[in-house]
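Could you walk me through how the helices of this protein pack together?

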Amino acid sequence: MSQQSNIDSLTHVLGETFGLYVQTHGYHWNVEGPQFRQLHMLFEEQYQNLWAALDEIAERIRCLGAYAPGSLSELMALTGDTPSAAQSAEAMVDALITAHSALADTLRDAITTAQEAGDEVSAGMLTDRLEWHEKELWMMKSSRK
């Protein structure tokens with residue numbers, strides 16, 4: 001696997017993370033209902049973690065000698081479509097489960113790409129991100145039972 005494939009993979013992770021950040025922050029602002037406080041705090045914890053991850057991922061891209069997407073339009077082009085924040089609390093949690101699952105799949109692919117490129121630093125960083133997303137998935141899925 002080439003270093004460019006590795007950089008492209010990291011850029012894809014960055015874009016998907018940005019999309020999930022925007023989605024989660026919007027849910028934090030707009031959640032309502034009996035679980036308001038719990039979900040408001042959960043969404044805040046998640047978007048803060050995602051925001052910090054954006055910096056880490058972008059800086060890794062720079063360490064590899066490439067430029068990270070630096071404009072809102074570049075990042076939005078990488079995010080795909082994010083659901084509207086005007087949803088029920090239950091639909092928000094369901095949408096976040098779907099988004100975290102998709103990002104976890106992207107991370108698994110990116111870890112493989114980094115390993116094949118001989119980039120153990122990126123593979124380690126991505127593995128740490130995967131661990132966090134899997135834990136968030138477990139917590140959100142457990143709250144649905």
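Predicted model: local features only at pLDDT ≥ 70, side-chain atom pairs only at ≥ 80, totals over all residues.

A crossing of two helices is called left-handed if the near helix is turned anticlockwise from the far one by less than a right angle, and right-handed if clockwise. α2 passes α4 in a left-handed crossing. On the α2 side, the contact is made by Leu39, Phe43 and Gln46, and on the α4 side by Ala89, Met92, Val93, Leu96 and His100. Sorted by class, the residues of this contact of α2 with α4 are six nonpolar and two polar, with no charged ones.

Handedness is one part of the description. Two packed helices are also described by the angle between their axes and the distance between the axes. For α2 and α4, the angle is about 25 degrees and the axes are 12 Å apart. Angles under 35 degrees count as roughly parallel, and that makes α2 roughly parallel to α4.

Now turn to α1 and α5. Their axes come within 12 Å and cross at roughly 25 degrees, and α1 and α5 are therefore roughly parallel to each other. The crossing of α1 past α5 is left-handed. By class, the contact of α1 with α5 holds five nonpolar and three polar residues, and no charged ones.

The next pair is α4 and α5. Here the axes come within 9 Å and cross at roughly 160 degrees. Angles over 145 degrees count as roughly antiparallel, and that makes α4 roughly antiparallel to α5. The crossing of α4 and α5 is left-handed. The contact of α4 with α5 has 15 nonpolar, six polar and six charged residues.

Which elements give two or more residues to the largest nonpolar core? This core has 42 residues, and Leu14, Leu39, Phe43, Ile57, Ile61 and Leu126 touch the most other members. The elements that give two or more residues to the core are α1 (3–30), α2 (36–63), α4 (89–116) and α5 (120–143). The largest share, 13 residues, comes from α4.

Some of these names have come up already. Setting aside residues up to four places away in sequence, Leu39 touches Val31, Ala89 and Val93.

Next, look at Leu96, which sits in helix α4. Is Leu96 buried or exposed? Leu96 has a relative accessible area of 0%, so this residue is buried. Apart from neighbours within four places in sequence, Leu96 is in contact with Leu20, Gln23, Thr24, Tyr27, Phe43, Gln46 and Met140.

Gly15 is another residue worth a visit, and it is found in helix α1. Gly15 has a relative accessible area of 0% and is buried. Leaving aside neighbours within four places in sequence, Gly15 is in contact with Leu78 and Thr79. The C-alpha atoms of Gly15 and Leu75 are separated by 5.6 Å, although these residues are 60 residues apart along the chain.

Let us finish with two residues that solvent can reach to some extent, as their accessibility shows: Gln115 is partly exposed and Arg37 is exposed. Gln115 lies in helix α4. Its relative accessibility is 43%, which is why Gln115 counts as partly exposed. Not counting residues up to four places away in sequence, Gln115 touches Glu120 and Ala123. Gly26 is 89 residues from Gln115 along the chain, and the C-alpha atoms of the two are separated by 34 Å.

Arg37 lies in helix α2. With a relative accessible area of 62%, Arg37 is exposed. Arg37 and Ala89 are 52 residues apart in sequence and 11 Å apart in space, C-alpha to C-alpha.

Conventions:
Residues numbered from 1 in each chain as written. Heavy atoms only, no water. Core = buried A, V, L, I, M, F, W, Y, C linked by side-chain atoms within 4.5 Å. Buried < 20%, exposed > 50% of the residue type's maximum accessible area, 1.4 Å probe, protein only. Helix = DSSP H or I, 4+ residues; strand = E, 2+ residues; numbered from the N terminus. Contact = heavy atoms within 4.5 Å. Axes fitted to C-alpha atoms, helices over the stretch in contact; angles between N-to-C directions. Parallel < 35°, antiparallel > 145°, perpendicular 65-115°, else oblique. Nonpolar A, V, L, I, M, F, W, Y, C, P; charged D, E, K, R; others polar.
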